[in-house]
Amino acid sequence: MILVTGGAGFIGSNFVLDWLAGGGEPVVNVDKLTYAGNLANLASLAGDARHRFVQADIGDQAAMEAILAEHRPRALVHFAAESHVDRSIHGPGEFVQTNIVGTFRLLEAARGHWQALPDAEKETFRFLHVSTDEVYGSLSDTDPAFSETTPYAPNSPYSASKAASDHLVRAYHHTYGLPTITTNCSNNYGPYQFPEKLVPLMIANALEGRPLPVYGDGRQVRDWLYVGDHCEAIRMVLAKGRTGEVYNIGGNAEMRNLEVVHALCDTLQALRPREGGYRGLVTYVADRPGHDRRYAIDARKVRAGLGWTPRETFESGIGRTVRWYLDNAAWVAQVRSGEYRHWIDKNYGKRT
Ligand code: NAD
Ligand code: TYD
């Protein structure tokens, strides 16, 4: 079997669902169930003996050791993290705790487990660390895209904590020989994304006729990738990637934020017409402090080396995503209750 951390979150749950749908081995799914973790994402696996959920904190080394000893996974795919830049600005402590200390504890548990394996299993074991392009910092409009050798220059508490975790993973390979691989991916969108991130937030607000809060001038650039394509890349890296290596993953779909919001408005208008359209809901609000201007990924290594290529274009992926949110209004309503309301007040209440 394989062990997945953070498998009740956005990308992790998509990964688990795709993995099992594709006939992959059983999964033990370890998640703390923070505000971002949601077992409803995995509802379609109810009664499926190939999926075993364990609620635990990756920072609890004894718990991680016990899970590894019990299940003896052949690979560990590490998604668990605090993942939202705006939350890291309001409260960086949890980011240091989970992304840095938590990853360290998980690495310690994995190292002990791996070192005790028989040689044949030791050889094939993998620790795949899922990270972000944000560790490379911010690009100007004319800079070349991030490659695997771009120096790290993280700018937010989120990206700094992910950068630190990447360094620890690298060090565990270099020092102890732990068979690690790191992936650094661009912005994902798709089903089950918590509606605090740009794409689902805009869809949810638009459907309620609420303002669409664009930070600053809305001209920041992100490289957008459909989550299913990211999951496929991870599967290929796990199967064919070389240990000790880093793979950048991106959709080759650079878009300004305002273009993304307009694309969402136009897709919604086609599927659920609103009098006057949705674009008029766009509202410029105070910028995010330290807002990175542009991210772009050079994915030649994973494309040429492993034969991965995204299946979705931005247009097709956004279409699928908007349809999913329209078809899953109950999921959206459930995750937008409680803690979500506090977050919206905290992040948007004082923005002018
Ligand atoms: P998410 O916030 O939707 O999910 C994170 C999951 O981790 C949640 O289920 C949460 O409960 C769990 N978790 C948090 N702290 C934990 C802890 N201490 N112990 C166990 N579980 C814990 O995040 P996501 O968007 O699915 O991102 C997953 C990973 O991919 C993260 O490592 C993130 O840095 C990385 N990543 C995300 C993107 C993106 O666009 N979303 C892009 C590139 C890389
Ligand atoms: P986000 O989804 O938070 O991802 P990240 O910051 O990790 O790239 O935001 C994507 C972009 O959208 C980012 O440039 C910030 C911007 N943004 C807004 O303009 N308004 C919003 O309400 C949010 C959540 C994000």
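Glu312 is buried, with a relative accessible area of 19%; buried means under 20%, exposed over 50%, and partly exposed in between (1.4 Å probe, protein chains only). Its salt-bridge partner is Arg320, with the closest N and O atoms 2.7 Å apart. A salt bridge here is a side-chain nitrogen of Lys or Arg within 4 Å of a carboxyl oxygen of Asp or Glu. Arg320 counts as partly exposed, at 41% relative accessibility. Shared partners also join Asp86, Arg288 and Arg351 into one salt-bridge network.

This is a predicted model, in which local features need pLDDT of at least 70 and side-chain atom pairs count only at pLDDT 80 or more, while totals for chains, interfaces and linings use all residues. Residues are numbered from 1 along each chain as its sequence is written, chains are lettered from A and ligands numbered from 1 in the order in which they are written, and side-chain values use heavy atoms, with hydrogens and water left out.

The structure holds 20 salt bridges. One of them pairs Glu245 with Lys301, at 2.6 Å between the closest N and O atoms. Glu245 sits in the loop between helix H8 (227-240) and strand E10 (246-249) and Lys301 in helix H10 (residues 300-306), so the pair ties together parts 56 residues apart in sequence. Helices (H or I, at least four residues) and strands (E, at least two) are DSSP runs, numbered from the N terminus. Glu245 is partly exposed, at 25%. Lys301 is partly exposed too, at 27%.

Now to ligand 1. It is surrounded by 29 residues, and the closest are Ile11, Asp31, Ser83, Tyr158 and Lys162; a residue is near if one of its heavy atoms lies within 4 Å. A side-chain N or O atom of Lys162 is 2.6 Å from a ligand 1 oxygen atom. A backbone N or O atom of Asn188 lies 2.9 Å from an oxygen atom of ligand 1. The protein covers 97% of the 850 Å² of accessible area that ligand 1 has on its own (Shrake-Rupley method, 1.4 Å probe; for residues, only the protein chains shown count as cover). Strand E5 gives the most to this shell, with three residues.

Ligand 2 has 18 residues around it, and Glu134, Pro213, Arg288, His291 and Tyr348 come nearest. A side-chain N or O atom of Arg288 is 2.5 Å from a ligand 2 oxygen atom. For Asn257, the side-chain distance to a ligand 2 oxygen atom is 2.8 Å. The protein covers 97% of the 510 Å² of accessible area that ligand 2 has on its own.

Methods. A polar contact is a pair of N or O atoms within 3.5 Å; within protein, one must be able to donate a hydrogen and the other to accept it, and residues adjacent in sequence count only if both atoms are side-chain atoms.
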